[in-house]
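Trainee: I'm new to this one and would like a close look at a single part. Could you walk me through the charged and polar side chains and how they pair up?

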Amino acid sequence: VRRQRQMCIRDSIISDFKSFTPEKWQSFNKVQKKYHFPFSYAHLFDLKNSPEKYLIEDLNLLERISGRYGINEIDENGKFVIKKQNSALYPIFKSVIETEIKDEELAKKNRFFFLPGYDKHKIELSKMHKDSFLTQMIEKNNGILDGNFSNLLMTYLTENMDSPSVYKSLRKQVQDLISHAKKYNTLKNLPKEFVGFLEIFSGSIKDDQIFEKLVDYRKWTLKFTGKDFSKLSQPEQIVDIYMSLDIVKGFSEDISKKNRWVNMYRDAQHCGNASQSKYYITKEQNNKNKFNFIMREFNLKCREITLEDLLNRIS
C-alpha cells in the first residue's frame, strides 16, 4: 500500500515501544505499510542529554519506528518535506545537534515575548517585591525603566529560562502586570498596544477573543524583531502561539524540574509537526488545553490517539 499519510509521535511515547511484544511489533509493522511515522528535530533534541549507552539504544529504536523517514524542512507552500535518510540516525543526530543548537537559543530570545522599550521612568524600588527578579533587574539598572532594562531582562531570561522558579515567577509577573501597573500608577507609561495585549494574559479577555488577540499581539511584537507573523508557515505560527498561550491564565502548564521550559518548547514543536498529520499519538494531559485550543483555532484535522488504540484498530 502506498504510504501517503503521516502520524506524529510525541517523544514520551517512544519509550512505550521498548516494552513491545513480538505481537505488538507485528501489528505496528502493519500500520507502517499505510503511514509514515517520521522523526523530527524535536525528537533528536529530546535525546541530546542522554548517556551514550541509552542514546544509541533510543536512536536505534527511533530509526526502527520511523523507518528513517524524517521531517527535514518546510516547502514554499508551508508543507512538510518528508524524506527517507540514507544513513543511520546516529550521525544525523550528531550533525543536527551541532548545527541546530543555536536555534534553541534564538527561540528563547525571539519566540517568547517582546518587552517594548520605554521612555526613561524612575521606579520606586521600595514599592516593589523584594523577591521578584524584576526588582533585581531594576536595581541593576539603577532604578530606571528604559530600553536598557529590556536588554538586561532578556539576557537574564535567556540564561535562566529553564529554571522552573524563574519561569513561573516570570509568568506570574506578566499575568499580574495590569493589576500592578494600576496599583503603582505606571499604566500610563506603557504603550497603548501593550496594555491591550496584557489584558489577554491577565485573563480579562473572553475565550472566543483569545486567539485573535494573541495573533494581533504577535504581529505587533514580531515587527520589532524584523519578522512578519503572517509570513510564517502554519507550523511556525502554531509553535509561536503555543508558547505565548502558556502565559494566558487558564492555559498555564505545571512547570517543574521534570517539565521545564524546554520541555514545553518541544511539546510546541511536536504540536506543530502534528498539524499536518492524520493522527497525533500521545498520552500526555499536561498540555491538553493548549493542544485542543490549537486544533480548534487553526482548524486542524489531526486526531489525537493513543498508541494502544492505534494498534487495536489494526489487529
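Mentor: Let's start with a term: a polar contact is a pair of N or O atoms within 3.5 Å, where, within protein, one must be able to donate a hydrogen and the other to accept it. Keep in mind that this is a predicted model. Now take Gln-32, which sits in helix α1 (residues 22-32). A polar atom of the Gln-32 side chain lies 3.2 Å from the backbone oxygen of Arg-64, and the backbone oxygen of Ile-65 is 2.8 Å from a polar atom of that side chain. Gln-32 is buried, with a relative accessible area of 14%.

On to the charged pairs. The count of salt bridges comes to 12. One of them joins the side chains of Glu-63 and Arg-68, at 2.8 Å from N to O. Glu-63 counts as buried at 16% relative accessibility, while Arg-68, at 25%, is partly exposed. Lys-172 and Asp-176 make another, with their closest N and O atoms 2.7 Å apart. Here Lys-172 is exposed at 52%, whereas Asp-176 is buried at 13%.

Then there's Asp-246 with Lys-290, whose closest N and O atoms are 3.1 Å apart. Asp-246 lies in the loop between α11 (234-245) and α12 (261-274) and Lys-290 in helix α13 (residues 288-297), so this pair ties together parts that are 44 residues apart in sequence. Both ends are hidden from the surface: Asp-246 is buried at 0% relative accessibility, and Lys-290 is buried at 1%. The pair also belongs to a network of salt bridges that links Arg-171, Asp-246, Glu-253 and Lys-290.

Notes:
Residues numbered from 1 in each chain as written. Predicted model: local features only at pLDDT ≥ 70, side-chain atom pairs only at ≥ 80, totals over all residues. Heavy atoms only, no water. Helix = DSSP H or I, 4+ residues; strand = E, 2+ residues; numbered from the N terminus. Buried < 20%, exposed > 50% of the residue type's maximum accessible area, 1.4 Å probe, protein only. Salt bridge = Lys/Arg side-chain N within 4 Å of Asp/Glu carboxyl O.
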